[in-house]
Amino acid sequence: GSEYLKLLHNTIAGECPIIDIDEEIKLQNLILELIDKRILKSAHDISEGGLAICLAEKALLSENNLGCVMNNKDFVDTFSLFSESQSRVVVTIASNKLDEIISYCKHYQTEYSILGEVTENIFKINDIISTNVDEIRKIYESAIPELLKR
């Protein structure tokens with residue numbers, strides 16, 4: 001099940017993903033080394049809500065109204081954008097660190113995908129979502145007051 005199914009379709013369904021503990025250990029060791037080497041600018045696990053929500057949360061937590069332009073065609077449907085599968089982390093880096101990150105991923109035998117670029121205020125996921133961080137923040141901050149009005 002996922003938050004997407006529950007919120008939009010009022011359905012709780014699906015199989016609980018089985019965590020591959022060896023994959024998780026490799027990922028966590030990779031992330032810890034990248035933190036120790038000061039290669040990462042940020043890291044955020046993909047959990048409740050999936051990739052799209054993770055990216056929105058990163059934008060909301062940004063001190064400088066940073067958003068993203070994601071142009072990875074592997075993520076174009078609701079399953080790939082809202083899947084809550086295990087052992088996934090979104091990281092941001094300086095563009096000149098890309099080859100270094102790829103080398104570390106290969107060393108730790110960890111899969112990776114290049115999603116896109118960090119931007120100022122723009123929030124775009126392929127041709128599916130196109131908005132800005134200000135609008136995301138407005139929706140986020142008004143959610144509870146709107147629910148209380150009902």
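This is a predicted model: local features need pLDDT of at least 70, side-chain atom pairs count only at pLDDT 80 or more; totals for chains, interfaces and linings use all residues.
Residues are numbered from 1 along each chain as its sequence is written, and side-chain values use heavy atoms, with hydrogens and water left out. Local features need pLDDT of at least 70 and side-chain atom pairs count only at pLDDT 80 or more, while totals for chains, interfaces and linings use all residues.

**Pocket**

The largest pocket has a volume of about 1500 Å³. A pocket here is an open set of points on a 1 Å grid over the protein atoms alone, where a 1.4 Å probe fits, with protein on both sides within 12 Å along at least five of seven lines; lining residues have an atom within 4 Å of a point. The volume is the space filled by probe spheres set on the points, which are joined across faces, edges and corners. The lining of this pocket holds 48 residues, and Val89, Val90, Val91, Ser113 and Leu115 are the closest to its centre. Elements that give two or more residues to the lining include α2 (21–36), β3 (89–92) and β4; helices (H or I, at least four residues) and strands (E, at least two) are DSSP runs, numbered from the N terminus. The largest share, 6 residues, comes from α2. By class, the lining has 29 nonpolar, 12 polar and 7 charged residues.

**Salt bridges**

The model has 4 salt bridges, each a side-chain nitrogen of Lys or Arg within 4 Å of a carboxyl oxygen of Asp or Glu. Three of them are listed among the pairs below.

| Pair | Closest N to O |
|---|---|
| Lys73 and Asp127 | 3.8 Å |
| Lys124 and Asp127 | 3.6 Å |

Salt bridges that share partners join Lys73, Lys124 and Asp127 into one network. Lys73 lies in the loop between β2 and α4 (78–82) and Asp127 in the loop between β5 (122–125) and β6 (129–132), so this pair ties together parts that are 54 residues apart in sequence.

Lys73 is exposed at 54% relative accessible area, as is Asp127 at 68%; exposed means over 50%, buried under 20% and partly exposed in between (1.4 Å probe, protein chains only). Lys124 is partly exposed at 27%.

**Surface patch**

Leu98, Tyr112 and Ile114 make a nonpolar surface patch of about 250 Å². Patch residues have over 30% relative accessible area and no salt bridge, with nonpolar side chains joined within 5 Å. Ile114 is partly exposed at 46% and sits in the loop between α5 (98–107) and β4 (116–120).

Definitions and conventions. Patches are made of residues with over 30% relative accessible area and no salt bridge: like charges are joined within 9 Å, nonpolar side chains (Val, Leu, Ile, Met, Phe, Trp, Tyr) within 5 Å. Accessible areas come from the Shrake-Rupley method with a 1.4 Å probe; for residues, only the protein chains shown count as cover. Ala, Val, Leu, Ile, Met, Phe, Trp, Tyr, Cys and Pro count as nonpolar, Asp, Glu, Lys and Arg as charged, and the others, Gly among them, as polar.
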